[in-house]
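The following exercises are to be worked with the sequence and the three-dimensional model in view. Each task is followed by a solution in steps.

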Amino acid sequence: MYALEEVQLDADRFRAAVEADQPYKPLYVKLKVTWACNLRCRMCNVWRQSRANALDADALTALVNELADEGCQKVHLSGGEVLTRPDLFALIEACVRRDIRVNLTTNGTLITRDVALRLADSGVRSISVSLDSPERKTHDALRGDGAWKQTVRGMTYLRKAIDRQKAKARLRCNTVITRQNYQSLVGLADFAADLGYDCLTLIPVDDPSGELRLNKKRLVEFNESIAHHLAQKGLENGLFQSVADAYPFGMSGRDLEYAKEGLYARGLYQSQPCYAPWTHALVTPQGRVYACCMTRTLPRPLGNLSRQSFWAIWESERYRAFRQQSHRPTLYACQCCDDFLGANRALHALMNCV
């Protein structure tokens, strides 16, 4: 998330920015380029937000150029389903032209042979293709009939295209863990490796209702009966960097107490800040700017690109006030966020290093 090596080399400037609640650099920006999606996934509400996209191709290209001028190193394109935007490849080209690393997330169902070749040739560095089970029926119960077959086919095209073109893109498997699919995941690492994924990311479901979230009994079952096998196979297949990658809910009893309530930050932000507001931003299809995905539930955005430049928003008093608040995050959404926990710990150590 944070380009840690760069921040470590520029530690004095980063510390000064944090202490003054001033921006550092928008090193990593997530662009939600559309709310449109061809699936109706049970754990996602995005497809219900079928509003028109306010940012057209010209506006997005102008934003990319502005971000590049301000030191942005990575853009993550997501949705909705990014492949529903006909101008997606023009946006990728605009990022690559300005030496911004491009990652994107897709459900994979719209990847044809031609789309796979275009993605392989586009300069994208990482493609996350969502797969929620090695079992067809389980995946389809979450994402819709026929989705598993289409995703597996799309992944097969993509793996072949990347190998054929000798592209640098890495294929990441994003798996959302719910009470409907967790038992089926014991064979996921082998299946993902056979399908051609390079890495595997296990994502606890974001579910305030609790209907899809694992209760304490299921969390214990996952850790004791499934995660151990996932860790072994994930490491063998090069999908994980460490055993901890197989335990997205944590490993201690205290961690699981947090997880059963959906508090996936596991209490981290009770003792330290989240540094996202100094290095990160989210832009919605309507041009609304937030500090991150989790804060999109706030009543008001930090700014709107239809009325201001990104730079004006990034340096605004409203963004500064949000950074000030982030020294001790009190938002419930922050306590539910499992993104970048390791990076935040590393930056906190950097802040306290003299």
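Helices (H or I, at least four residues) and strands (E, at least two) are DSSP runs, numbered from the N terminus. The structure is a predicted model.

**Exercise 1. Locate Arg85 and determine whether Arg85 is buried or exposed.**

Solution. 
Step 1. Arg85 belongs to the loop between strand 2 (74-78) and helix 4 (88-97).
Step 2. Buried means under 20% relative accessible area. The relative accessible area of Arg85 is 10%, so Arg85 is buried.
Step 3. The surroundings may now be listed. Leaving aside residues up to four places away in sequence, Arg85 touches Val33, Thr34, Asn53, Leu55, Asp56, Ala57 and Leu60.

**Exercise 2. State in which order the strands of the nine-stranded open sheet are arranged, and which strands form its edges.**

Solution. 
Step 1. The order is 6-5-4-3-2-1-7-8-9, and the pairing is mixed.
Step 2. Strand 6 and strand 9 (303-304) are the edge strands, since each pairs on one side only.
Step 3. Within the sheet, strand 2 pairs with strand 3 (residues 101-106) in the parallel sense, over four bridges.
Step 4. A residue pair can be named as well: Lys74 has Arg101, in strand 3, as its bridge partner.

**Exercise 3. Explain which parts of the chain the salt bridge between Asp198 and Arg159 ties together.**

Solution. 
Step 1. The closest N and O atoms of Asp198 and Arg159 are 3.3 Å apart. A salt bridge requires a side-chain nitrogen of Lys or Arg within 4 Å of a carboxyl oxygen of Asp or Glu.
Step 2. Asp198 is partly exposed, with a relative accessible area of 21%. Arg159, at 15%, counts as buried.
Step 3. The pair belongs to a network of salt bridges that links Arg159, Asp163 and Asp198.

**Exercise 4. Describe where the salt bridge between Glu257 and Lys260 lies.**

Solution. 
Step 1. The side chains of Glu257 and Lys260 meet at 3.0 Å, N to O.
Step 2. Both residues lie in helix 10 (residues 253-260), and they are three residues apart, about one turn of the helix.
Step 3. Glu257 is partly exposed at 34% relative accessible area, and Lys260 is partly exposed at 28%.
Step 4. A further salt bridge joins Arg13 to Asp10, with 3.9 Å between the closest N and O atoms. Arg13 is partly exposed at 46%, as is Asp10 at 22%.
Step 5. The search of the whole structure finds 13 salt bridges.

**Exercise 5. Identify which residues of the largest nonpolar core touch the most other members.**

Solution. 
Step 1. The largest nonpolar core has 85 residues, and those touching the most other members are Leu77, Ile127, Leu158, Tyr197, Phe222, Leu230 and Phe249.
Step 2. Helix 7 (residues 147-165) gives the largest share of this core, seven residues.
Step 3. Residues up to four places away in sequence are not counted, and the contacts of Leu230 are Leu185, Leu188, Ala189, Leu200, Leu202, Phe222, Phe240 and Ala246.
Step 4. A second, separate core has twelve residues, among them Val18, Tyr24, Trp278 and Met351.

How values were computed: Residues numbered from 1 in each chain as written. Predicted model: local features only at pLDDT ≥ 70, side-chain atom pairs only at ≥ 80, totals over all residues. Heavy atoms only, no water. Core = buried A, V, L, I, M, F, W, Y, C linked by side-chain atoms within 4.5 Å. Buried < 20%, exposed > 50% of the residue type's maximum accessible area, 1.4 Å probe, protein only. Contact = heavy atoms within 4.5 Å. Pairing = 2+ DSSP bridges.
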